[in-house]
Amino acid sequence: MPVRPTPPAADAALAAPLPVLGTDVMVPLVTGGKVPYAALDHAASTPALQRVWDDVSAYLPYYGSVHRGAGYLSQLSTDLFEQSRLTLRDFVGCRPDDHVVFTRSTTDSMNLMAATVPVGTQVHVFETEHHATLLPWRGAEVTVLPAPRSPYEAVETLAESLTGRDPGHPGLVCVTGASNVTGELWPVAEIVQVAHAAGARVLLDAAQLVPHRPVDVRALDIDYIAFSGHKLYAPFGAGVLAGRPDWLRDAEPYLAGGGATRRVTRTPAGVAVEWHEDSTRHEAGSPNVIGAYAMASACQALSEAGPDALVAREEALLRRTLRGLAEVPQVSVLSLLGQDSPRVGVVSFVLDGWNSSHLAAALSAEHGIGVRDGMFCAHPLVRLLLGSSPDQPDQCGAPEPLAPGERPVNAVRMSFGVGTPVEHVDRFVEAVAKLARDGAQWRYRIEAGRCVPVR
Ligand code: PLP
């Protein structure tokens, strides 16, 4: 069923406010011809903002070592790196004494946090979290909370779990701001209130939140926040962990090496080290100044574009997507907290009778649309949403139609952002409708566990 055209005035209001690289890349279709690539996998990695690329390119001739050179370019690069730290701090509204540690990614930030929590910390985490947030707590006492089915239930489940905990023990609640599977926003303010009332701190996994919504750490009273540059239009290998200084300052450095040390002396027994007590304590080695600067540049561009306008446009694109998918009766959109829950531009779904890998392969090969299929590094959540069990055979890659009544074990996820042209969203909805109605126009086979077109 074709998507009803919207009036041109509405389309003008939906013009992408911030240009990104790659919207003019043409990709071949198996059925012949070429189309502009529709990058609808922002939840995995966003394209770079044009502004980020321009800023990084302008800086590169001036590139130099950070924190370790007397030369002009080293000083300039050090200033840029430290200025980027301040920009990131302001962008998420950190408190003045918060540490802002540059890491490689959200996964790295979560592992850094896990390595720096005090001994005996009790960690509370929902089973629905991304593996980066669910798994790093190996040395801690971990309580895994069952999946809530509404924002209210999320807060209640946490409150119950925290009841009677000894506030003398360090406690940490790790929770996502927006789900990478359903895009749904979690009740962060309420979770912080409940956690703090029980003497526990909150670590916010903001990997999917920061690219889509303004976040104010101080106003929300969040203790720690983690996010990634490559999901924030700045794919240059940097991430951030920011938050309260004490645990970070008191912990052993995450990595041992140059840059984290104030003084190293030879002793009869070996060496003695005085470690830095600021954010650089956990940044041993030569810092990734380009990654940090790219993130700062992206934050500046998003701030200048105005969060309200960005959110309004994203919500309009989201409505358009969901309205279009609702016209395809075979589509089921996945939701944990209720279909009416607010969400960011991330939508996962299944199509009756289709293996999701097959559908994603056909969207790519026949329509030039890049989405993701699978369990999105949140296996317990996707199994719950699809009603599948860990024992069910993995259909990954299988191009055959599913048997009547057979449920797929994985899903398709489309996700977009500030540079996504409205045409990409429309093409996606039309392609899903066409595939549901007419089936795939090509044959597919499994190659190395992936569904690929037969050539
Ligand atoms: N948390 C969430 C909610 C995510 O979506 C992701 C990545 O998809 C991560 C954490 C891990 O991020 P990264 O791959 O940048 O380490």
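With a relative accessibility of 31%, Ser389 comes out as partly exposed, since that label covers values between the 20% and 50% cut-offs. This is a predicted model, and in it Ser389 sits in the loop between α13 (379-386) and β17 (411-415). Val409 lies 20 residues away from Ser389 along the chain, yet the C-alpha atoms of the two are separated by 8.3 Å.

Next up is a pair of helices. Helix α2 (residues 50-59) packs against helix α10 (residues 289-305) at an angle of about 140 degrees, and their axes are 9 Å apart. That angle makes α2 oblique to α10. As for handedness, the crossing of α2 and α10 is right-handed. On the α2 side, the residues that meet α10 are Arg51, Val52, Asp55, Val56 and Tyr59. Their partners in α10 include Val289, Ile290, Tyr293, Ala294 and Ser297. Sorted by class, the contact of α2 with α10 brings together nine nonpolar, two polar and three charged residues.

Both of these helices turn up again around helix α3 (residues 72-91), where α2 and α10 are among the elements covering the buried residues. Among the buried residues of α3 are Ser74, Ser77, Thr78, Leu80, Phe81, Ser84 and Arg85, along with Leu88 and Phe91. Helix α3 itself has 20 residues and spans 28 Å from its first C-alpha to its last, close to the 28 Å expected at 1.5 Å a residue. After α3 comes Gly93, and the phi of Gly93 is positive, near 70 degrees.

Methods. Residues are numbered from 1 along each chain as its sequence is written. This is a predicted model: local features need pLDDT of at least 70, side-chain atom pairs count only at pLDDT 80 or more; totals for chains, interfaces and linings use all residues. Side-chain values use heavy atoms; hydrogens and water are left out. Axes are lines fitted to C-alpha atoms, for helices over the stretch in contact, and angles run from 0 to 180 degrees between N-to-C directions. Helices (H or I, at least four residues) and strands (E, at least two) are DSSP runs, numbered from the N terminus. Angles under 35 degrees count as roughly parallel, over 145 as roughly antiparallel, 65 to 115 as roughly perpendicular and the rest as oblique. A crossing is left-handed if the near helix is turned anticlockwise from the far one by less than a right angle, and right-handed if clockwise. Contact means heavy atoms within 4.5 Å. Ala, Val, Leu, Ile, Met, Phe, Trp, Tyr, Cys and Pro count as nonpolar, Asp, Glu, Lys and Arg as charged, and the others, Gly among them, as polar. The expected span of a helix is 1.5 Å times one less than its number of residues. Buried means under 20% relative accessible area, exposed over 50%, partly exposed in between (1.4 Å probe, protein chains only).
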